[in-house]
Amino acid sequence: MILHMDMDAFFASVEQRDHPTLKNKPVIISGRSKRSVVSTASYEARKFGIHSAMPVFMAQRLCRDLVIIPGNMEKYRCESGKIMKILAGFSPFVEQTSIDEAYMDLRGLNRLFGSPENIAATIKKNIEEHLGLTCSIGIAPVKFLAKIASDMNKPDGLTLISEDRMMSFIEGLPIGKISGIGKQAAKQMETLQIKTLGDIRQYPLSVLTAKFGKAGARLLELSNGIDQSKVTPEHIRKSISSETTLEDDTIDFEDIKRILLDRSQIVGALLRKKGLVCKTISIKIKLADFSQITRSRKLDTPVSSSSAIFNEALDLFKKIRLTKKIRLAGVGVSGLQDKNMPSQMSLLPIENTSKDQWESVDTAVDCISEKFGPHIIKKASLNLK
Ligand SMILES: [Mg+2]
């Protein structure tokens with residue numbers, strides 16, 4: 001069985017815990033810029049129809065007494081660390097998928113901690129006692145259903161989908177509940193009489209792949225209760241990325257270049273901090289009309305220096321023909337491996353002979369940033385305007 005834990009209105013709950021005057025009040029956590037969106041809404045705020053990703057001005061329109069609090073990521077990260085430590089006390093097979101969500105593989109834990117429900121109840125009790133926060137937990141034979149289950153009885157929920165109940169559950173599961181199926185895709189499926197995951201099975205694989213590509217094949221597996229994805233603990237983490245929504249939409253090349261440089265440095269620093277190197281570099285661009293462009297490239301030799309990541313990111317960006325302004329840009333790396341793990345070396349000599357120098361510059365910058373904060377030192381080109 002697989003367990004999925006999701007904290008309830010995490011950032012808002014932390015603030016309500018730390019500031020008793022905020023208890024039972026509609027509270028949102030959001031950024032300070034004029035384009036800020038709701039990061040987390042307390043359950044009291046949700047009653048007004050406020051939800052995350054909603055622009056703050058809209059939330060204010062829905063609720064006159066709304067309390068808006070700037071987020072304190074450092075504090076939330078610290079709380080998150082404590083939560084993950086509690087989970088790690090049960091099993092090494094924990095995969096953290098966001099600041100307040102994690103999966104746990106329950107295999108082999110019954111002798112130590114009892115039934116899956118017992119484990120879930122103990123985790124909930126520990127988190128509540130030690131941190132004064134509630135979470136919701138879902139348990140299911142496969143990963144994707146565990147996540148759906150954790151969302152079913154929020155807040156403070158505990159939902160189990162047993163092996164026996166799994167197929168009938170799948171039969172009635174609305175297709176839009178599956179992560180990765182957006183509103184558009186769900187609509188398209190409805191025209192094919194696919195409303196629930198069970199409905200997928202009326203089509204053969206060939207039709208599904210013709211219509212939906214790889215996603216079609218995956219959906220057919222899921223509809224049969226098969227999910228290949230496994231709980232992957234942090235040390236085999238698959239990707240790191242960083243993106244930012246711009247204050248103002250832009251099409252200016254120098255502006256975008258600066259953003260890619262800034263993001264490359266953030267991603268590179270995280271990579272090096274974890275002692276990892278990456279084989280694939282990608283960029284993500286969102287245009288003013290909300291359409292999205294992603295590009296990625298696999299390298300012959302894994303890298304970790306910020307300048308190597310930036311050079312690839314910039315090169316990928318230069319190949320895009322921009323016709324509209326952009327509103328978001330990000331850089332990501334994947335194909336991560338341990339820095340010291342022997343890897344196949346490039347057969348060609350490395351063109352950039354200054355590679356090693358850049359790595360030592362990165363290391364020096366990382367040390368300084370660690371001590372004095374992330375923006376104390378940066379590339380001169382980040383300040384040119
Ligand atoms: Mg949550």
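I call two residues in contact if their C-beta atoms, placed from the backbone, lie within 7 Å. The model is predicted, so I note that local features need pLDDT of at least 70, side-chain atom pairs count only at pLDDT 80 or more, and totals for chains, interfaces and linings use all residues. Residues are numbered from 1 along each chain as its sequence is written.

**Entry 1: I2.** I skipped its neighbours within four places in sequence and found I2 in contact with Y103, D105, L106, A140, V142, K143, A146 and V231.

**Entry 2: the core.** A nonpolar core is a set of buried Ala, Val, Leu, Ile, Met, Phe, Trp, Tyr and Cys residues joined through C-beta atoms within 7 Å. Buried takes 20 or more other C-beta atoms within 10 Å of a residue's own; exposed is 12 or fewer, and partly exposed is in between. The largest core has 56 residues, and I2, L3, I28 and A140 touch the most other members. Helix 7 gives the largest share, 5 residues. Domain 1 (1–139) and domain 2 (165–223) both contribute, so this core lies between them; the domain bounds come from an automatic or database assignment.

**Entry 3: helix 7.** Helices (H or I, at least four residues) and strands (E, at least two) are DSSP runs, numbered from the N terminus. How many residues of helix 7 (143–150) are buried? I got 8 of the 8, so the helix is largely enclosed by the rest of the structure. Its buried residues pack against several elements, including strand 1 (2–7) and helix 11 (214–223).
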